[in-house]
Amino acid sequence: MDTQLTNILQVDDLNVFYDSFQAVKDVSFHVKQGEIFGLLGPNGAGKTSTLSAVEGLIKQQSGTVTVAGYDTLKHPLHAKAAMGVQLQATSFQPELNVSEILELYASLYGLDLTREKLQKLLKEINLAEAENKRFGQLSGGQQQRVSLAITTIHDPKLVLLDEPTSGLDPQSRRRLWSRIDAIREKGHGVVLTTHSMEEAEAVCDRISIIDHGRIIETDTPQALIDKHRDDLAVIAVSRRGKVTLEDVFIALTGLDIRG
Amino acid sequence: MNQMEIAIPKTSAVMKALLKADYTTLWRNRRAVILVILVPMIIVFSWKGFVRIAGGAFVLSNAITLGLVAIGLMGYTNSIARDRDKGVFQRLRVTPLPLWAIMASRLLVQLSVIMILTLVVFISGYQFDHISMPLAGYVVTLLTSIIGGAVYLALGQAIVGRIQNAETVNSTSRLIYFAFIMVGIFGEAISVAEPEMKWLGSIVTWTPYGTVKDILAGSLELSKWTSHTTQALLLTIGYTIVFATLGIKWFKWSTK
């Protein structure tokens, strides 16, 4: 198969600055169709800045981002139409209820959400009873389900999830993992950022560890563990004699607490 | 990488969806809209005495101007600041819609409020103060109220562009609103009531309050449209361009 076709996201030599501060330094990675790719890093490492550049929320100073074959700077609307995005902190017009929010976002992707389709969607996300509730009246788990439903409402080729499980209880987290798996099974690509090494190991096919704006390592979770298993720094931080992805992550990014 | 086939929605469909959402938001916030319209109605009601001294156009134009200030500085500015603070714009920005459509929809909704305000002032003027203007005056004033309203929407844009924090935007816009009320109610009224205070009126006349009020008064009584009114119109457009340019230049979609 043509490898160029299988890459749904291609990021090359990406550099992002906030005034004189460089948040992302020469970052390159790709995501294939049907792949869940994790972007891991401590706070302030450059994960969200990298995703924001892909999403078109910030403009990179150099480098290219290509989504479904569309350069995000040259064809921003096509690239955005190919993406579904769940932001870290997101909100909708507080005056609108769940149905109205779903209808609005469906229309923004050019979809006609009929009453039947809306009911089906609400049933799928277990929110049939809450369709007339405002977004702010929903629980954290319900808000997250609405947010993910909007992210995937147009069946996007690429789904970007910025810390999607933060603040969720274990049941909601497991359900979200299943939904992410379902997206992969459709052959779509997924990029997620997370602080949870357990999540990265359980969900991601490949991960990149990013720190100080640079990608340090990219591989499958197990390959990274195997590669660094015998590093002295990894052994020093490992607990109970078992090396985990978290040990590798801490050894590579240091023990200092960030922002 | 080969390009996949991706359909992007029509701009007209996107605008329709945004307008539907923004009008729903406006409807759910109708109490705030009523409060904005209430101030001009109070002016019309309480300035009955000025109708005989300065004329009906004077009262109506002042009432509309104060309403326009409230729409621009209290309604539009604070809703933009709040939605930016909550991340509403960021969520919209990751969808395939042109960025101008987000603001265009918001502005169109505000223009509707301006039209409603102007009509309410006309009706209250007729009901409370028996002010009756030529039909052409009413029609032209509906159009000039949009030009006048644009100044305060642009000023609001400049405020929300310059200041990032939603609460600071709120307090600043209130302060400026209060300043305009002072200029409008006291500056104008004192200069009309006290002949020796006419100098105050000549200062007020070239402020954004004064120019908007003058073009509205000139529109209501087209026979009294003078070169001074034309200058006020040009200055109003000038203020709008300056404030809008600054507002667009300074505006950031996110507070982070």
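Mentor: Chain A has 11 helices and 10 strands, where helices (H or I, at least four residues) and strands (E, at least two) are DSSP runs numbered from the N terminus. This is a predicted model: local features need pLDDT of at least 70, side-chain atom pairs count only at pLDDT 80 or more, and totals for chains, interfaces and linings use all residues. Residues are numbered from 1 along each chain as its sequence is written, while chains are lettered from A and ligands numbered from 1 in the order in which they are written.

Trainee: What makes a residue buried, and what percentage of chain A is buried?

Mentor: A buried residue has 20 or more other C-beta atoms, placed from the backbone, within 10 Å of its own. Such residues make up 45% of the 259 in chain A.

Trainee: Why are H7(B) and H10(B) called roughly antiparallel?

Mentor: Helix H7 (residues 135-162) of chain B and helix H10 (residues 208-220) of chain B pack at about 170°, their axes 8 Å apart. Angles over 145 degrees count as roughly antiparallel, and therefore H7(B) is roughly antiparallel to H10(B).

Trainee: What counts as contact between chains A and B, and how many residues take part?

Mentor: Two residues are in contact if their C-beta atoms, placed from the backbone, lie within 7 Å. In this model, 33 residues of chain A are in contact with 26 residues of chain B.

Methods. Buried ≥ 20, exposed ≤ 12 C-beta atoms within 10 Å, placed from the backbone. Axes fitted to C-alpha atoms, helices over the stretch in contact; angles between N-to-C directions. Parallel < 35°, antiparallel > 145°, perpendicular 65-115°, else oblique.
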